[in-house]
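Colleague: I am new to this one. Please show me the model, and let us go through it by question and answer.

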Amino acid sequence: MTPLLSLRTLAAVLALTAALPRALAADVAPRPAYEKMLKIDVHSHIFEDVPAIHALFARINDRTINVCVPGGDGQLALMDRIAFELYAKHPQLYPVTTTFDLLTRDEPNYATRTIAALDRAFARGAVAVKIWKEVGIEIKNRDGKFILPDDPLFDPIYAHLAKVGKPLHAHLAEPIDAWLPLDKDSNHYSYYSTNPQWHLHGKPEYPSHAAIIAARDNIMKKHPTLVVVGAHLGSLEHDLDGIADRLARYPNFSIEVSARTRNLTRHPAEKVRALFQKFPDRILYGVDAGWMPHRRDTPPTTAQRQGHVTSLELRYRADWDYYAGQGETTYNNRTCKSQYLQGSEYQIYDYRKVRITEWLDR
Ligand SMILES: [Zn+2]
């Protein structure tokens, strides 16, 4: 090697190393500190005023939408009361998604009464309306047939939501695993092995997964201006192409990831990343944390409350490592590749894209 060549090589190396940090800086913004970003978890069920939960949200710069559900177990009035009391005390932390009564569906003027009740909830600050999986796989009509979510019974309600601009937060159907044999390797094994009433494999009398998803899609066909947020990846957690297809077909459809980030971690990382990049403003963040002392026989202890807060923060931080981290991470004891979302792709956490956040600016 001649000295001249060596100098040329050195110059080339220097030029390259000088250019590299600039290129990296342009393409790869440093990951912001988790606490710095104002975030929103669009799916929680917090039905007690727990100062430790408020403190967590304040510390990590998060807030949540508190979801009342279901509408068919007679607890709706109690849930609404607790949720709106919490909202009145902490309006920046706990906006409310209400739901509607299903018990009186066979009585006269069901839609008119339901719309009036929803309008009262909106007047109190409710930002959205939840519909739960009981519609599709639990409640039946007078003929003994399961009522699907696109039943004409609900059309006046959906039309009203579209008119007043309130989103329908739709947990319809279940993960496909509900229709498959129990599988110990499934993300949903512990739920279906302990909640056999929702495990529909071998129960042909129930509507199929595809029938309920088609009925959900049909709501959007019938009410194209209605904003629908598909809870739990729109119950298409096994089918990223199916999610992309719906997001492309229905411009007012969004999804949220609550309780299904674990499913995303099992898909090829590049495919998940492509979905986020294609629909950055249509995928919302959530965890689906439940704190529901009103359903228990005995009140929770301080230690149990603190345990809930600790596990919630661990979940938030594990999700952050998956969505915003780089390289491999561990999620639910399995190794997976982080999404390494950057810059505008952090929108999964961005409260501004949630079309139901006028409350933040009050
Ligand atoms: Zn939930």
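Colleague: Which elements do the buried residues of α6 pack against?
Modeller: This is a predicted model, where local features need pLDDT of at least 70, side-chain atom pairs count only at pLDDT 80 or more, and totals for chains, interfaces and linings use all residues. Residues are numbered from 1 along each chain as its sequence is written. Helices (H or I, at least four residues) and strands (E, at least two) are DSSP runs, numbered from the N terminus. With contact meaning C-beta atoms, placed from the backbone, within 7 Å, the buried residues of α6 pack against α4 (110-123), β4 (128-131), β5 (168-170) and α8 (209-222).

Colleague: Which residues of α6 are buried, and within what arc do they fall?
Modeller: Buried means 20 or more other C-beta atoms within 10 Å of a residue's own, exposed 12 or fewer, and partly exposed in between, with C-beta atoms placed from the backbone. In α6 (residues 155-164), the buried ones are I157, Y158, H160 and L161. The arc is taken from the directions from the helix axis to the C-beta atoms. The buried residues line one face of α6, because seen down its axis they fall within an arc of 160°.

Colleague: Is S235 buried or exposed?
Modeller: S235 sits in the loop between α9 (231-234) and α10 (240-249). Its phi is positive, about 55°, although it is not a glycine. It has 27 C-beta neighbours inside 10 Å, so S235 counts as buried.

Colleague: And N333, buried or exposed?
Modeller: N333 lies in the loop between β10 (328-331) and β11. Its phi is also positive, near 70°. It has 5 C-beta neighbours inside 10 Å, so N333 counts as exposed.

Conventions:
Two residues are in contact if their C-beta atoms, placed from the backbone, lie within 7 Å.
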